[in-house]
Amino acid sequence: MMPHDFMPGLAGIPAAKSAVSDVDGERGVLEYRGIRVEELCKRSSYLETAYLLLFGHLPTRAALSRWVEDVAHHRRLKYSIIDLMKCLPEQGHPMDALQAAVAALGMFYPGRNVEDMENNYWSAVRLIAKLPTIVAGWARLRRGDDAIPPRDELGFSENFFYMLTEKTPHPLWVDIFDDCMILHAEHTMNASTFTGLVTASTLADPYTVVASSIGALKGPLHGGANEEVVQMLREIGTPDRAGAYVDEHMRTKQKLMGFGHRIYKVKDPRATILQSLCGSLFKTCGTSQLYDIALAVERKATDFLKEKKVHPNVDFYSGIIYDKMGIDTDLFTPIFAMARVAGWLAHWLEQLRENKLFRPDQIYAGEHDRPYVPLDQR
Ligand code: CMC
């Protein structure tokens, strides 16, 4: 094999052969197992989509009801995990709390042999079921409130709102939130998926795999951007100030959060769907000033960035929806993780079938044969 040129960020280098999802960055098409996300948002639910991602096909009615029941029955957290979260500093970031709790989860579930497919199924069920309980639990514990136990009879998204607020939300909110979960469930070889696969290639257990993916998702160049977008929109304050803000960012060559993507050369299809979800939400709950500011930013930024093929990505409009639903800004990225865990696990299961340890090469750019200089001569 010929040695490759070094590609910073591994841009354009395939890291896996995968049938989980596909992005056509020129046409702005995203498919999960060959089905377009627009279709899934219209016709599927988050849990059904998670099943599709994990097992490669849509479930039959019986398989879906078993899957939904399995997930519903595994939402509870052991009290020791709740005790552990109570010990974390309440001003800490919820992504750190989520990562710590997920890493700890693995200590409670024995049989971590990843060659045991039955056990892998239950690990996937537990992770998909328990992430929302951890996120909602932490949101309450840090305020000194009790965590609210899940209710098995509630659907995935409805139960999340219930654990967060002790109320069941408007059905439209449940539908919109579920669509947001679908849109965030998977996205080919992104940084957090790749991170998880590197960990998984050592045959580490899935709790460790997901904990490492959560760490990668946190950064502002990846999932952390959704939180930063809303902070930026608040800083801008009113739509008429968007132009000056964008001008200044472009003049000083700063990046605009929620814009740009390694693969998309057109507007991210998820951003387009999220915008239409904003429209549905605002019809029932009134508009959001943040949305008007976002539109003004997009208009102005497009003048500067369309030549570079930089457009809004998934993180540009998602936070506006969560903000309108009254969700704390620092929970946006943990909510992203709650959805993306399905994609991480789908890639993990796929890779296990033909696992090979990730051990890339490097291009050494240092010196050779340097003398060791004794301490008193330096
Ligand atoms: N604002 C202004 N200019 C940008 C932006 C942006 N957000 N993104 C890219 N560009 C410009 C960049 O300055 C560069 O211009 P030039 O060629 O003149 O130096 C060109 O476009 C290529 O950018 P790059 O940074 O080399 O591209 P990349 O593929 O390495 O970066 C990215 C992709 C997502 C890291 C980057 O677009 C970015 O930092 N965006 C802001 C953070 C963000 O929104 N992240 C969420 C990504 S999508 C969802 C997710 O993964 O969670």
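Start by selecting Asp96: with a relative accessible area of 37%, Asp96 is partly exposed (buried means under 20% relative accessible area, exposed over 50%, and partly exposed in between, with a 1.4 Å probe and protein chains only). You are looking at a predicted model, where local features need pLDDT of at least 70, side-chain atom pairs count only at pLDDT 80 or more, and totals for chains, interfaces and linings use all residues. Residues are numbered from 1 along each chain as its sequence is written, and side-chain values use heavy atoms, leaving out hydrogens and water.

**Stop 1: a charged pair**

Asp96 and Lys218 form a salt bridge, with their closest N and O atoms 2.9 Å apart; the term stands for a side-chain nitrogen of Lys or Arg within 4 Å of a carboxyl oxygen of Asp or Glu. This pair links distant parts of the chain, 122 residues apart: Asp96 sits in helix α5 (residues 94–108) and Lys218 in the loop between α10 and α11 (225–236). Helices here are DSSP runs of H or I with at least four residues, strands are runs of E with at least two, and both are numbered from the N terminus. Lys218 is partly exposed, because its relative accessibility is 33%.

**Stop 2: other salt bridges**

How many salt bridges does a search of the whole structure find? The search finds 14. Select Arg151 and Glu153 to see one with an N to O distance of 2.6 Å. Arg151 is partly exposed at 29%, while Glu153 counts as exposed at 55%. Next, pick Arg142, Arg143, Asp328 and Asp330, which are linked in a salt-bridge network.

**Stop 3: two crossing helices**

Show helix α10 (residues 206–217) and helix α16 (residues 332–352): their axes come within 10 Å and cross at roughly 130°. Axes are lines fitted to C-alpha atoms, for helices over the stretch in contact, and angles run from 0 to 180 degrees between N-to-C directions. The two helices, α10 and α16, are therefore oblique to each other (under 35 degrees counts as roughly parallel, over 145 as roughly antiparallel, 65 to 115 as roughly perpendicular, and the rest as oblique).

**Stop 4: a buried threonine**

Finish at Thr199, in helix α9 (residues 191–200). Is Thr199 buried or exposed? Thr199 counts as buried, because its relative accessibility is 17%.
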